[in-house]
Amino acid sequence: MDVVILVGIYGIVINLSLFIMMGVDKRRSKRGSWRIEEKKLWGIALAGGALGGWIGMSVFRHKTKHTSFKLGFPFLTLLYIAGMAYLANRFYL
């Protein structure tokens, strides 16, 4: 299997995971039950799921008052996009 396909599949899975985690954490916060630790959310974001977290913040209106999330997820997303563009240009063009 081509590396590009594997990276694409990884990106979809990691972003979908953080998107779902944001929804689950929002639901748990409303119910007052056990929450997902912020460091776990950040760990998934750093592993490549920042876009899913950013979209999850918007869809579920969750963590929107936390400046670190409000600025960090978009910053990481742009950083990953720039990195992917650089790698694509370096190795595939």
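Let's start with Leu18. Once we set aside its neighbours within four places in sequence, Leu18 is in contact with Leu41, Ile44, Ala45, Gly49, Ala50, Gly52, Gly53 and Phe73. Please keep in mind that we are looking at a predicted model.

So where does Leu18 belong? Leu18 is part of the largest nonpolar core, which has 11 residues. Its other members include Met21, Met22, Ile36, Leu41, Ala45 and Ala50, and you will also find Met57, Phe69, Phe73 and Leu76 there. Which helices supply this core? At least two residues come from each of α1 (3-31), α2 (38-60) and α3 (67-92). The largest share is that of α2, with four residues.

You can find Phe69 in helix α3. Is Phe69 buried or exposed? Phe69 has a relative accessible area of 0%, and under 20% counts as buried, so Phe69 is buried. If we leave out residues up to four places away in sequence, Phe69 touches Glu38, Leu41, Trp42, Met57, Lys63 and Pro74. Leu6, by contrast, is 63 residues from Phe69 in sequence, and their C-alpha atoms are 28 Å apart in space.

Next, the rings. How many aromatic pairs does the structure hold? There are four. One of them is formed by Trp42 and Phe69, a tilted pair with 5.0 Å centre to centre and 35° between the planes. Because Trp42 lies in helix α2 and Phe69 in helix α3, this pair ties together parts that are 27 residues apart in sequence. Trp42 itself counts as partly exposed, at 21% relative accessibility.

Phe69 and Phe73 are four residues apart in helix α3, so about one helical turn separates them. Both Phe69 and Phe73 are buried.

Last stop: the surface. Here Val3, Val4, Val7, Met84, Tyr86, Leu87, Phe91 and Tyr92 form a nonpolar patch, with about 820 Å² of accessible area together. Val3, for example, is found in helix α1. Which helices supply the patch? Both α1 and α3 give at least two residues, and the largest share, five residues, comes from α3.

How values were computed:
Residues are numbered from 1 along each chain as its sequence is written. This is a predicted model: local features need pLDDT of at least 70, side-chain atom pairs count only at pLDDT 80 or more; totals for chains, interfaces and linings use all residues. Side-chain values use heavy atoms; hydrogens and water are left out. A nonpolar core is a set of buried Ala, Val, Leu, Ile, Met, Phe, Trp, Tyr and Cys residues joined through side-chain atoms within 4.5 Å. Buried means under 20% relative accessible area, exposed over 50%, partly exposed in between (1.4 Å probe, protein chains only). Contact means heavy atoms within 4.5 Å. Patches are made of residues with over 30% relative accessible area and no salt bridge: like charges are joined within 9 Å, nonpolar side chains (Val, Leu, Ile, Met, Phe, Trp, Tyr) within 5 Å. Accessible areas come from the Shrake-Rupley method with a 1.4 Å probe; for residues, only the protein chains shown count as cover. A salt bridge is a side-chain nitrogen of Lys or Arg within 4 Å of a carboxyl oxygen of Asp or Glu. Rings of Phe, Tyr and Trp (its six-membered ring) pair if their centres lie within 6.5 Å; planes under 30 degrees apart count as stacked, over 60 as edge-to-face and the rest as tilted.
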